[in-house]
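My entries follow in the order I looked things up.

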Amino acid sequence: MAQSASLLTRIVATSISATIRAGKIIRDVMSDGGLKIVEKGKNDLQTEADRCAQKCIITSLSRLFPNITIIGEEESNSCEIPSDWIVTEADQDILKLKLPAHLENIDPKDVCIWVDPLDGTSEYTQGLVEHVTVLVGVAIGERAVGGVIHQPYYKDNEKGILGRTLWGINGVGYGGFVPVSPPDGKRLITTTRSHSDKNVKAAIDALSPDEVIRVGGAGHKVILLLEGKAHAYVFASQGCKKWDTCAPEAVLHAIGGTLTDFYGEKYAYHAETIHPNLRGVLATAPGQAHQWYLNHIPEEVKQNLQ
Ligand SMILES: Nc1ncnc2c1ncn2[C@@H]1O[C@H](COP(=O)(O)O)[C@@H](OP(=O)(O)O)[C@H]1O
Ligand SMILES: [Mg+2]
Ligand SMILES: [Mg+2]
Ligand SMILES: [Mg+2]
C-alpha cells in the first residue's frame, strides 16, 4: 500500500477491501446453511456470519493499524482465522484522494473505527438478504468522518456481479452510488422493520408520512436516503448503537445530509463513548428541513429517549 497516502485514506481504502471480503463470507455462510444462531438478548440475534465477518474485518484492520482503537459489535474470541480472511489490499482510487490539511496529519490516538460486521441480522436470518450491509465507520475525535457501507447482495445486472460498496469522507468526497433527491411534495419515512415499539410508532405518526418504508438495518435505511427513496429515517428508540450509525452518518454527511439524535445533537464517536444511541436516530436526506422533523416530535417521545 502506498505509505505516502494519509492515515485516513489508508483506513477507508482498506476498509473497502475488508467489507467486500466480509460480504463474501456472509454469502458463503448463508449458502452453506449453517447460521448457528445465538440469542444475545431480547430480539437481538447473532449468526456465524456476524462472528466470521467481524473476525475478518477486525483482524485485517488491526494488523495494518495496530495503534488504532477498533470497536466491533460482536464479542471477540481468540480462535484461528483462515489466512484468506486477512485483507491487505486497499482501494487504489481512495488512496489517491487529496485531503484537506486538518485531515492530513491525524494522530492515531484520535481515531476510533466502529465495525458492524452484519447490519440487519434479523432480516438476514429470515432470508431478507437485500437488507444486509457491512459497516465500517471512522471517527476522528468525536466526529464520524469516514464511512464504508457494503451491500453484499446488491445485484448489478450490468456488471453481472453481486455486491456494491458505498463510501464517503466528510468534506472530501463520496463514491459507489449516485445521490438522488427524494420526490417533492411527499414525505416518505423509513424506519425499523423488526424493532418497533410504542415510542417508535408515536414519532412516525406525529410526522404524518405519506408512506412508511419498513426495512432492516441502519445502513440500508441510510442508503434509501442517499438514493432518494426516502426523505427521513426516524427511529425513536434506544436500540441502535455507535457501530450502526458511524459509517452511515459519515456517508450521509459527505453528500450534505444530516444524522442526529431526537434533540438535534450529533452523536460522539470517540473510543471512550457509550455504545447505545440513547437519544434515538433521526436522519434526513440532503435538502430536507431536519429542524422541521425535530419540531414535530412530541415532547413525550423525546422524554422517553434520555
Ligand atoms: N431494541 C433493539 N435491541 C437490539 N438491537 C437493536 C434494537 N433496535 C435496533 N437495534 C439494532 O440496530 C440496528 C438497526 O435496527 P433495525 O434494523 O431494527 O432498524 C440493528 O443492528 P444489527 O442487525 O447489526 O444488530 C439492530 O440490531
Ligand atoms: Mg446485532
Ligand atoms: Mg447494526
Ligand atoms: Mg450487526
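**Entry 1: charge pairs.** I started at Arg51, which counts as partly exposed at 22% relative accessibility. I kept in mind that this is a predicted model. Arg51 makes a salt bridge with Glu48, and their closest N and O atoms are 3.0 Å apart. I then checked where the two sit: both are in helix α2 (residues 48–64), 3 residues apart, about one turn of the helix.

I looked up a second pair, Asp28 and Lys24, whose closest N and O atoms are 2.9 Å apart in a salt bridge. These two are 4 residues apart in helix α1, which separates them by about one helical turn. Asp28 is partly exposed at 30% relative accessible area, and Lys24 is partly exposed at 37%.

Asp107 is partly exposed at 32%, whereas Lys109 is exposed at 69%. Salt bridges with shared partners also join Lys40, Glu73 and Glu74 into one network. My count for the model is 12 salt bridges.

**Entry 2: magnesium.** Which protein residues donate to the magnesium ion (ligand 4)? I found Glu73 (OE), Asp116 (OD) and Leu118 (O), at 2.1 to 2.2 Å from the ion. Their spacing in sequence reads E-x42-D-x1-L. Glu73 also coordinates the magnesium ion (ligand 2), and the two ions are 3.6 Å apart. Glu73 lies in the loop between β3 (69–72) and α3 (92–95) and Asp116 in strand β4 (residues 111–119), so the pair ties together parts 43 residues apart in sequence. Are Glu73 and Asp116 buried or exposed? I have both down as buried.

**Entry 3: ligand 1.** I listed 19 residues around ligand 1, the closest being Gly120, Thr192, His195, Gly217 and Lys221. I then looked up its oxygen contacts. A polar side-chain atom of Thr192 is 2.4 Å from a ligand oxygen, a backbone N or O atom of Gly120 is at 2.7 Å, and a side-chain N or O atom of Asp116 is at 3.0 Å. Ligand 1 taken alone exposes 540 Å², of which the protein buries 89%.

**Entry 4: helix α1.** I checked the length of α1 (residues 7–32): at 1.5 Å a residue its 26 residues should span 38 Å, and the end C-alpha atoms are 37 Å apart, which agrees. Of those 26 residues, 20 are buried. Just after α1, I noted a positive phi of about 85° at Gly33.

Key:
Residues are numbered from 1 along each chain as its sequence is written. Chains are lettered from A and ligands numbered from 1 in the order in which they are written. This is a predicted model: local features need pLDDT of at least 70, side-chain atom pairs count only at pLDDT 80 or more; totals for chains, interfaces and linings use all residues. Side-chain values use heavy atoms; hydrogens and water are left out. The expected span of a helix is 1.5 Å times one less than its number of residues. Buried means under 20% relative accessible area, exposed over 50%, partly exposed in between (1.4 Å probe, protein chains only). Donors are N, O and S atoms within 2.8 Å of the metal (3.2 Å for Na, K and Ca); water is not among the atoms, so sites may look incomplete. A residue is near a molecule or strand if one of its heavy atoms lies within 4 Å of it. A polar contact is a pair of N or O atoms within 3.5 Å; within protein, one must be able to donate a hydrogen and the other to accept it, and residues adjacent in sequence count only if both atoms are side-chain atoms. Accessible areas come from the Shrake-Rupley method with a 1.4 Å probe; for residues, only the protein chains shown count as cover. A salt bridge is a side-chain nitrogen of Lys or Arg within 4 Å of a carboxyl oxygen of Asp or Glu.
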